[in-house]
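Please consult the display first.

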Amino acid sequence: MFGNRPWKMAVGATAIALFAAGCGGGSEEADSASNSIVIGIAEPQHLIPSNTTESGGAQVLAALFYPLIDFDAENKPFEVAAESVTSDDNKVWTVKLKPGFTFHNGEQVVADNYIDAWNYGAYGPNAQGASYFYERIEGYADLQSKDPDGEEGPQKAPEPKAKTLTGLKKIDDSTFTVTLSAPFAGWKSVMGYTAFHPLPKAAFSAPGKIADGFEDAIIGNGPFKMKGTWQHDSKIEVEKVQGFKGEVPKIDGVTFKIYQDAKAEYADLVAGNDDVQTQIPIESLASAPGDLGERFKKSPASTFQFVGFPTFDKSFSNVNVRKALSMAVNRKEITDQIFLGSQTPAASFVSPAVAGYRENTCGASCEYNPTEAKKLWTENNGPAKVQITYNADGGHKAWVDAMCNQIKQALQIDCTGVGEPKFADLLTKVEKKQPVGLIRLGWVMDYPLMENYLGPLYATGGSSNYYGYSNPAFDNLVKEGSAAKTTEEAVAKWQAAEDILAKDMPVIPLRFGQNNFGHSEKVTNVEVDIFTKVNLYKIEVKK
Amino acid sequence: MFRYIVRRLLQMVLTFFGATFIVYALMFANQDDPLQALAGERPISENVRLALTERYHLNEPFLMQYWYYMKGLLTGDFGQSLTGRQISDMMATAWPITIKLALMSIVIVAVVAITAGVISGIRRGGLFDNVTLVITLIILSLPIIVLAPLTQLIFGIKLGWFPPTAGANPTFYALLMPAVVLGSLVLATELRVTRASVAENLRSDYVRTARAKGLSRKRVIGVHVLRNSLIPVVTLIGVDIGGLMSGAIVTEGVFNIPGVGFNLFRGIRTEDGPLVVGFVSILVIVFLVVNLLVDLLYAALDPRIRYE
C-alpha cells in the first residue's frame with residue numbers, strides 16, 4: 001500500500017514527529033533582571049476563598065487578597081483591611097472597613113462583599129471545604145440540611161431552611177456586624193483565615209451562585225492581581241496593582257509555579273529556576289545545607305504530630321499504661337535521626353505557634369525514661385503487645401518503626417507498626433472499633449489560638465478527635481475559655497484545660513513541625529509564616 | 001484490505017467498551033471514600049460530604065455510576081473530576097505534552113536502537129557489540145525510578161547542561177532529557193531485538209544469494225537485511241508507543257511534566273473514577289490505533305503479507 005518506499009515514509013514520519021515535538025513551547029523563564037519572583041506551590045484544589053483549605057491555594061490567595069486580620073510575630077491578630085474589629089460582649093462583633101479599597105476590576109470594597117461571600121461559603125449545598133469556619137456565626141445550622149435516610153440512602157437531602165446567615169448584618173457600606181451563636185473571645189483571630197476574604201459583585205452570576213470561570217480568573221482586593229488566567233498544573237501569574245491603598249509589596253509580581261512533586265521543585269531551587277521553596281522534601285534535607293548554604297532556613301510551623309489511644313481499646317484504659325508508653329519514646333532521637341532536625345520534640349498538647357503555649361506541659365510523662373517506663377508498665381500490667389497503625393501513603397513508616405523499636409527495648413514487649421493504605425482506611429477501622437492499637441495522627445491549625453488545638457483534637461465530639469477522648473471537665477474549661485471576656489482570661493482557662501490533658505494522657509505528643517525552606521540567590525528577606533506561606537510584603541529581589 | 005480495516009475497527013469498539021468497563025469496575029472496587037482521599041487528613045464536614053456525594057452520584061450502585069459516566073462519554077462529556085475541573089480540559093492540556101514526550105522518546109530510541117543494533121548485529125562479538133551489550137544490561141537493570149532522579153541530578157543540577165525540570169510548556173531542549181530517560185525504558189530491548197534479527201537475517205539464504213549476485217555490501221545490508229529485520233522491531237515500537245504514554249508516571253513526576261502519567265497517578269490516589277477512566281479510555285484508543293497501524297505497516301515491509 002505504501003509502494004516500494006517505506007523509507008521515505010519513515011523519514012517523513014520522523015520529521016513530522018520532531019517538528020511536532022519541537023514546536024510550541026516558548027520561553028518560560030522569567031527575565032532574571034526583572035523585579036518579579038517565582039514561588040513553587042502544589043496545584044491548588046480551589047481558589048474560591050471559602051473552598052481553599054490547602055497551602056498552595058492559600059499562598060496564591062495571600063497575594064490576591066488583603067485580609068481583614070493578619071498576625072504579628074507573636075501571632076496576635078491585628079487589623080489589615082479592617083479599620084477596627086470590636087465587640088463589647090464577644091458575641092456581636094462590629095467590623096469597620098478601611099475606606100478607599102477597590103477590587104481589581106475597580107469595584108469599591110463594601111460590607112456586602114463580605115456578607116455575600118460568607119453566605120455563599122456557609123450555604124451547605126455549595127459544599128465549600130472551609131464552610132466549618134462559619135459555624136460559630138448565628139444561623140449557620142439553618143443553612144445546612146440533613147439527608148433523611150443517611151448518606152447511602154436513595155432520598156435526597158431537602159433544601160436548607162435559609163439561604164443567608166442571620167448573624168451577618170450590614171450597618172452601612174463600610175460597616176457590618178457579625179453575631180455569633182455563643183460568645184467567643186478569639187473570633188478576631190478566626191477572621192484572619194482565608195475563608196473570610198470578600199468577593200466582588202462580579203463573582204456572582206446570580207445571588208448565591210459563582211459565575212462560571214470566575215475561579216480561573218479570580219478578582220481580589222489584594223496588592224497583586226491575576227495576570228491572565230490560572231494555568232492548571234502549570235502556573236499562576238500575578239502582578240502588582242498600581243496605586244494599591246494598603247501595604248505595598250517590594251516585588252512587582254510573582255509566578256506561582258506549580259510542582260507536582262517536591263523533589264522536582266527542589267531540583268529547580270538548586271538550579272536557580274525557583275526562588276522560594278517553602279517545604280524542602282525530607283529526602284533532600286541532608287543535602288540542603290550543602291546545596292544552599294545560608295539560603296537553607298528554618299522557621300516555626302503549626303503542625304503537631306502525635307499518636308492517640310482509642311478509647312474502645314481496653315488495654316490502654318489505665319492512664320499509667322499510657323504514660324509508660326509515652327516515657328518509652330525517645331523523641332529527640334527520632335527528630336534528629338529520622339527527621340534530620342526538621343521537626344522538634346513535643347512535650348505539650350498545643351503547638352508553640354499559639355499564644356498561651358507553655359513548654360513541657362506534659363511533664364515527666366513526655367521525658368524519655370526507660371527504667372521508670374518499664375516499672376510503670378509492669379506495675380500496671382501493660383499489654384504484652386502494642387500496635388501502632390499509620391497510613392502508609394504519608395511516609396510514616398520510618399519513624400513508626402523507630403518508635404516501636406524504642407518501645408520494644410524500653411518495655412521488653414512486642415511492638416509492630418501496621419500500615420493502612422490510606423488515612424481513610426485507618427479511620428474506617430477506628431469507626432468500626434477494630435483493634436488498631438495506637439493511631440498515628442497529625443494536626444495543622446486553622447487559626448493561631450490554643451482553642452484550635454484543644455477543641456478539634458481533644459473535646460468530646462471534636463472534628464479530629466478520632467480516638468474518642470471525652471472528659472466533661474476538660475470540655476467545660478475549653479468552653480469557658482471561648483466565652484471568656486478577654487483573650488488573657490481565655491488563655492488561662494485553656495491552659496487549665498491543657499493541664500487536664502497532662503493528667504489524662506489521651507494522646508502521646510511526639511513532634512512539632514518546622515518550615516524548612518530554601519530560597520535562590522536572587523531574593524532576600526524571605527520569611528515563611530506559621531501557615532507555611534511566604535510573606536509577600538517583606539520579600540525583596542537583590543539589587 | 002478495506003474489509004480488513006473495517007473488521008478491525010469494529011473489534012476496536014468492543015475492546016474500547018470492555019476496557020473502560022473493567023477499569024471503571026476496578027476503580028469502583030478499590031474505592032472506599034474518595035471524598036476523604038481528596039481531603040487528605042482533614043475532616044470533611046457533613047454538608048460538604050452530602051453535597052459532593054450527590055453531585056458525583058457516589059451513593060449509587062456501580063452500574064448506575066457507570067451508566068451516568070458512559071452517557072456523558074457518548075455525548076462527548078467526560079464529566080468533572082472530584083475537584084470540579086472539566087476532565088476534557090485536563091485532557092486537552094495533558095495529552096499534547098505526553099504525546100510530544102512519547103514521540104521524542106520513540107524517535108530517539110528508534111534511531112539509537114536501530115543504528116546500534118544493526119552495527120552490533122553485523123559485527124557480532126566485536127568490541128562495539130560487547131560494549132553495547134554491557135550498556136544495555138546496565139540500562140535494563142536500572143529501574144526508571146532510580147535513573148530519572150540520577151540523570152536530573154547529574155545533568156540538570158551538577159553539570160547544568162539541561163534545565164532540571166520541564167514544566168507545562170517545555171521547549172524542545174527542556175524535554176530532551178526526560179525523553180531520553182523515558183526512552184531508556186524500551187531502548188535496551190529494541191536494540192537487542194534489532195541485533196538478533198539482523199544477525200539471523202545475515203545468515204539467511206536470500207542474503208547469500210544477494211551477495212553471490214555481486215550486490216554491494218551497502219545494498220545487501222541496507223535493503224535486504226534491514227527491511228526484513230525491521231518487522232519485529234516495528235511491532236515492538238508500536239507497542240512501546242502506548243507503553244511509553246502510560247509509563248510516563250515516574251518521568252513526568254521527576255521532571256514536573258503535567259501529562260497523562262501524572263493525571264493518572266493523581267486520579268488513582270484520590271480515587272477519582274471518572275478522571276482515571278477518561279484518561280484510560282484515550283490510552284486504550286491510542287493502543288488500538290497504533291496496533292492497527294503496526295499491522296498495516298507489516299504489509300509495507302513484507303510484500304508476502306496481504307490482508308483480506
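Q: How do the residues of the lining of the second largest pocket divide into nonpolar, polar and charged?
A: In this predicted model, the lining holds 20 nonpolar, 15 polar and 15 charged residues. Ala, Val, Leu, Ile, Met, Phe, Trp, Tyr, Cys and Pro count as nonpolar, Asp, Glu, Lys and Arg as charged, and the others, Gly among them, as polar.

Q: What makes a residue part of the lining, and which lie nearest the centre of the second largest pocket?
A: A pocket is an open set of points on a 1 Å grid over the protein atoms alone, where a 1.4 Å probe fits, with protein on both sides within 12 Å along at least five of seven lines; lining residues have an atom within 4 Å of a point. The second largest pocket has 50 such residues, and A:Ser463, B:Pro43, B:Ile44, B:Ser45 and B:Glu46 lie nearest its centre.

Q: Why is the contact of B:Arg85 with A:Asp233 called a salt bridge?
A: The term requires a side-chain nitrogen of Lys or Arg within 4 Å of a carboxyl oxygen of Asp or Glu. The closest N and O atoms of B:Arg85 and A:Asp233 are 3.8 Å apart, so the pair meets the rule. Across the interface of chain B and chain A, the rule finds 3 salt bridges.

Q: How many residues does the contact take from each chain?
A: Chain B gives 58 residues and chain A gives 68, contact meaning heavy atoms within 4.5 Å.

Q: What do the numbering and the model rest on?
A: Residues are numbered from 1 along each chain as its sequence is written, and chains are lettered from A in the order in which they are written. Local features need pLDDT of at least 70, side-chain atom pairs count only at pLDDT 80 or more, and totals for chains, interfaces and linings use all residues, while side-chain values use heavy atoms, with hydrogens and water left out.
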